[in-house]
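Today I am looking through one protein model, from the overall fold down to single residues.

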Amino acid sequence: MNALDVALRVAAALEAVGCEYFLGGSVASSLQGEPRATNDIDFVVAMMPHRVRSFAEKLGPDFEVDEDMLRDALRRGSCANIFYLPMVTKVDLFALGSTPYDEVEFNRRRKVRVRSTGEELFVKAAEDTVLRKLLWYRDGGEVASKQWRDVVEVLRVSAAEIDEQYLQTWAERLGIDELLSRARAAAVVKLA
């Protein structure tokens, strides 16, 4: 088992109870850029609190789910953790936010084949991986080297697929266009 296996199990449980989601964070950036080890798996979920019990049941006994904490996080629009016990892997479940960007990001998710055997997951678009990681990088004081590396690698590896107009428009709206310019320059240097 690896992070992708755990993500597939969580996604199957979400889909079984009728919840929409996307995979984000470093697992998404590893699929779109350069793979790297990660300590957690991030999902953004559109889940109503009344579905938490069914979700926990679908996950089964290999997962530890504090149902009250998850319900509270969903009501508050925040994050809760669940754990895959056999690997002691943390899965962060972020409630879908309510900003215009949150909604656009969620609606742009794509079903992506993640295994040669055909398994698929909804994954955030590469442009949104770049934007969200730049936001985290900025909000973290621009010192998170892993976030920066992920951004540069997604820009480098997924360059042919990236919608540059969308990326630039939202970077300007989110106030991270200067960071995006620096990341683009770093990606070009790596290509050379």
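Predicted model: local features only at pLDDT ≥ 70, side-chain atom pairs only at ≥ 80, totals over all residues.

**Entry 1: a lysine in a loop.** I started with Lys124, which lies in the loop between β7 (120-123) and α6. Is Lys124 buried or exposed? I found a relative accessibility of 5%, and since buried means under 20%, Lys124 counts as buried. Next I looked up what it touches. Leaving aside neighbours within four places in sequence, Lys124 is in contact with Phe22, Leu23, Gly24, Ala28, Gln32, Glu105, Arg109, Thr129 and Arg132. I also checked Val112, which is 12 residues from Lys124 along the chain; their C-alpha atoms are separated by 9.4 Å.

Entry 2: I moved on to helix α6 (residues 126-139). Its 14 residues should span 20 Å at 1.5 Å a residue, and I was pleased to see that the end C-alpha atoms are 20 Å apart, which agrees. Of those 14 residues, 11 are buried, so α6 is largely enclosed by the rest of the structure.

**Entry 3: the cores.** Which residues touch the most other members of the largest nonpolar core? I read off Val10, Leu14, Phe43, Phe55, Ile82, Leu93 and Leu121, in a core of 36 residues. Helix α1 (residues 3-16) gives the most to this core, with 8 residues. Apart from it lies another core, of 23 residues, and I spotted Ala126, Leu131, Tyr137 and Trp170 among them. Not counting residues up to four places away in sequence, Ile82 touches Val10, Phe55, Leu59, Phe63, Glu64, Val65, Thr89, Lys90, Val91 and Leu93.

**Entry 4: the whole chain.** I finished by zooming out. The secondary structure comes to 9 helices and 7 strands. For 192 residues, a compact globule would have a radius of gyration near 16 Å, and the protein has 17 Å, which agrees. I logged 49% of the residues as buried. Among contacts with a separation of 6 or more, 62% join residues 24 or more positions apart.

Notes
Residues numbered from 1 in each chain as written. Heavy atoms only, no water. Core = buried A, V, L, I, M, F, W, Y, C linked by side-chain atoms within 4.5 Å. Buried < 20%, exposed > 50% of the residue type's maximum accessible area, 1.4 Å probe, protein only. Helix = DSSP H or I, 4+ residues; strand = E, 2+ residues; numbered from the N terminus. Contact = heavy atoms within 4.5 Å. Expected span 1.5 Å × (residues − 1). Rg over C-alpha atoms; globule rule 2.2 N^0.38 Å.
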